[in-house]
Amino acid sequence: MSDKPKIATVWLGGCSGCHMSLLDLDEGLLDLAKAATITASPITDIKEPPEVDVCLVEGAVCNTDNLEVLRKCRERAKILVAFGDCACFGNIPAMRNFISLEETLQRGYVDTESTASGEVPRGEELPALLEKVQPISYYVKVDASLPGCPPSAEAILFAVKELLSGRLPKPEGELLRYD
Ligand code: SF4
């Protein structure tokens, strides 16, 4: 059995751009695979996070499912990384915090012409939206942050390698990117 460190990635409320940036590593993913076992990836992203050494969490906490997954990530990861600006600060998903949740739903599902039914979807099978969107550090301890929207592939590779070497990543300014 491999004794390489284990890495997982998890996707909460975001646009998946951070995961796409991770895929931009191209051959760098092979380097990463030599240094660590990727137990959950952008391709195999799952909602039951495994026990890992490093967990990259993309996205903000928008609903009850996000919060449950985040808490499991925290329990099961030695190092938890806020991956991208949504996880670090709330960013785009948190723009709805300027108005009430009910008004957000009204605008999104009833007042907007593109909605199919003109009704706010409700049901026990749907995760409940939280009143406010929060960055992940609002709920759990975060060990490292990798800002960017999305972080560049180079910054991701740098950060993960540093973490696997037992260092906190401090990327130089040119590695931080805002598209
Ligand atoms: Fe998307 Fe930017 Fe949020 Fe990443 S930080 S999930 S790229 S909006």
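Modeller: The protein has six helices and seven strands, where helices (H or I, at least four residues) and strands (E, at least two) are DSSP runs numbered from the N terminus. This is a predicted model, in which local features need pLDDT of at least 70, side-chain atom pairs count only at pLDDT 80 or more, and totals for chains, interfaces and linings use all residues. Residues are numbered from 1 along each chain as its sequence is written, and side-chain values use heavy atoms, without hydrogens and water.

Colleague: How many salt bridges does a search of the whole structure find?

Modeller: Side chains of opposite charge can pair when their charged atoms come close. A salt bridge is a side-chain nitrogen of Lys or Arg within 4 Å of a carboxyl oxygen of Asp or Glu. The search finds nine salt bridges. One of them joins Lys72 to Glu68, with the closest N and O atoms 3.3 Å apart. Both residues lie in helix α3 (residues 64–76), four residues apart, about one turn of the helix.

Colleague: Is Lys72 buried or exposed?

Modeller: Buried means under 20% relative accessible area, exposed over 50%, and partly exposed in between (1.4 Å probe, protein chains only). Lys72 counts as buried at 16%, whereas Glu68 is partly exposed at 46%.

Colleague: Which parts does the pair of Asp143 and Arg74 tie together?

Modeller: The side chains of Asp143 and Arg74 meet in a salt bridge of 3.0 Å, N to O. Asp143 lies in the loop between β6 (129–134) and β7 (144–146) and Arg74 in helix α3, so the pair ties together parts 69 residues apart in sequence.
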